[in-house]
Structures are given as structure tokens and as C-alpha cells.
Amino acid sequence: MPDFAFTSVLSGVESTASSLTASSFLLCSATSLILGLAIALIFKYKSKISNGFMVTLAILPLIVQVVITLVNGNIGAGVAVMGVFSLVRFRSIPGSAKDICAVFLAMAVGLAAGMGYLTLAIMLTAIVGVANIIYMSSPLGAEDKAKKDKNAGERRLVVKIPEDLDYYGMFDDLFDAYTDDVSLETVRTTNMGSLYELTYLVNLKDPSVEKQLIDGMRMRNGNLAIQCGRAIKAKEKETL
């Protein structure tokens with residue numbers, strides 16, 4: 001098998017930002033932008049990611065490349081930059097393991113481009129892209145249908161009742177009829193203590209019976225407010 005050594009397009013100049021030529025910088029920057037766009041498209045394959053995250057993936061290699069170019073050859077500056085990066089925390093829509101993989105790939109490509117190893121950056125993007133398409137097209141990347149169907153009926157119910165009603169077992173027959181599982185998460189007073197607010201996590205037998213459950217509960221709580229929405233996972237709570 002033929003072998004070759006990776007060479008840097010910056011090998012002809014000193015390893016400092018002050019000696020970087022405009023043509024070398026533009027070549028590395030253009031490669032970073034093109035590969036960033038490729039990474040965004042690769043990880044969009046059979047996945048639901050926001051447009052904002054795609055733009056982030058497309059631009060991140062360029063940002064990392066510029067940073068690495070500026071600190072190249074300066075150990076003190078490199079340590080300082082790593083300290084700053086360690087303080088950065090992404091707080092947005094809860095991400096997945098695949099999102100983290102995409103971010104790390106974008107950073108790795110930016111690192112390779114910042115060091116001038118453009119061929120290595122291109123090969124890394126191509127290898128990971130092909131592997132991602134293969135895995136996502138195989139049963140390994142297929143979504144667990146049973147788990148998806150189970151999560152489809154998960155709801156968070158917030159019910160208000162008058163203070164003179166005993167909430168214990170108040171909706172048990174309705175829950176038995178319309179849900180597979182239910183748990184009372186929190187109880188708190190509201191409206192100057194004149195109302196109780198009950199928060200339930202339920203798993204509906206069928207998402208289509210949601211209205212029937214709410215109508216039945218309205219008849220028990222005096223037609224006070226009932227809020228029904230998607231159940232918040234424990235992982236999501238930690239990021240809020």
C-alpha cells in the first residue's frame with residue numbers, strides 16, 4: 001500500500017503568526033469554511049438539527065483555525081487559550097451525543113487547518129462523513145421504534161383544584177382509564193393559598209385520548225385551569 005507524509009502549507013514559513021502570508025491564511029480559511037459546510041451537511045443526514053446549529057458547525061472550523069494559527073509556536077498563548085475554552089459552556093437546546101461528536105469534528109478540522117495540514121483535514125472530514133452515512137443507514141443508527149412510541153404518550157399535567165378538595169385519589173379512575181403510568185411530582189399552594197397546584201407525569205395509553213382526560217379532570221376541579229404539555233426529561237432539567 002502506497003504511503004505518503006502529510007505536509008503543512010505553512011511549512012515554508014516560520015511557525016509564528018507574524019510570518020503568516022496572506023495567501024496561506026486565505027487558503028486555510030477557505031478550506032475551513034468549505035469543510036465546515038460539509039460537516040454541517042453530513043450531520044444533518046437523517047437527523048433533526050436546527051439551522052443555528054448548522055451555521056455554528058459551518059463557522060466553527062474557521063474560528064478554531066484562526067485561533068490555532070495565532071498561537072502557533074507560542075506555548076504561553078496556547079495554554080491561555082485552552083484555559084479560556086475550558087470556561088465556555090454551551091447552554092441552548094439540549095444536545096445529543098451526536099451533536100457533541102459534530103462539534104469535536106469541527107474543532108479537529110479547524111485544528112488541522114490551523115496547523116496547515118489541509119490534506120489531513122479533508123481526509124478526516126471525508127472519512128467521518130462516510131462512516132456517519134453508513135452508520136445512520138444501518139440498524140445501528142435507526143431510532144428505537146418501541147421507545148419512540150412509548151415516549152409519544154408522555155405528558156406533564158399541571159392541575160389546579162380548590163383548597164377544600166382532597167386531591168389524594170381524586171383522579172385515579174381517570175388515570176386508570178386513560179394512562180399506563182402516572183406519578184404525582186409536586187404539590188404546592190397558589191393564589192394566596194386558596195388553590196392547590198398538582199403536577200403529574202403521565203404516560204397516555206393513546207395520545208388521542210388527551211382531550212378526554214382533560215375534560216374528565218375539568219369536571220372534577222371546578223373547571224379551573226389545566227395545563228398539559230410535553231414531559232421534561234431529567235437530562236433537560238439539568239440544562240435549564
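With rings of Phe, Tyr and Trp (its six-membered ring) taken as paired if their centres lie within 6.5 Å, the count comes to four aromatic pairs. In one of them, the ring centres of Tyr 167 and Tyr 196 are 5.7 Å apart and the planes stand at 65°, so the pair is edge-to-face (planes over 60 degrees apart; under 30 counts as stacked and the rest as tilted). Because Tyr 167 lies in the loop between strand S1 (154-162) and helix H7 (172-178), and Tyr 196 in strand S3 (residues 195-204), this pair ties together parts that are 29 residues apart in sequence. Helices (H or I, at least four residues) and strands (E, at least two) are DSSP runs, numbered from the N terminus.

The model is predicted, with local features needing pLDDT of at least 70 and side-chain atom pairs counting only at pLDDT 80 or more, whereas totals for chains, interfaces and linings use all residues. Residues are numbered from 1 along each chain as its sequence is written, and side-chain values use heavy atoms, with hydrogens and water left out.

| Residue | Relative accessible area | Class |
|---|---|---|
| Tyr 167 | 27% | partly exposed |
| Tyr 196 | 25% | partly exposed |

One aromatic cluster is formed by Phe 171, Phe 175 and Tyr 200.

Turning to the helices, H1 (residues 22-44) and H2 (residues 51-71) have axes that come within 7 Å and cross at roughly 150° (lines fitted to C-alpha atoms over the stretch in contact, with angles from 0 to 180 degrees between N-to-C directions). That makes H1 roughly antiparallel to H2, a term for angles over 145 degrees.

Key
Buried means under 20% relative accessible area, exposed over 50%, partly exposed in between (1.4 Å probe, protein chains only). Angles under 35 degrees count as roughly parallel, over 145 as roughly antiparallel, 65 to 115 as roughly perpendicular and the rest as oblique.
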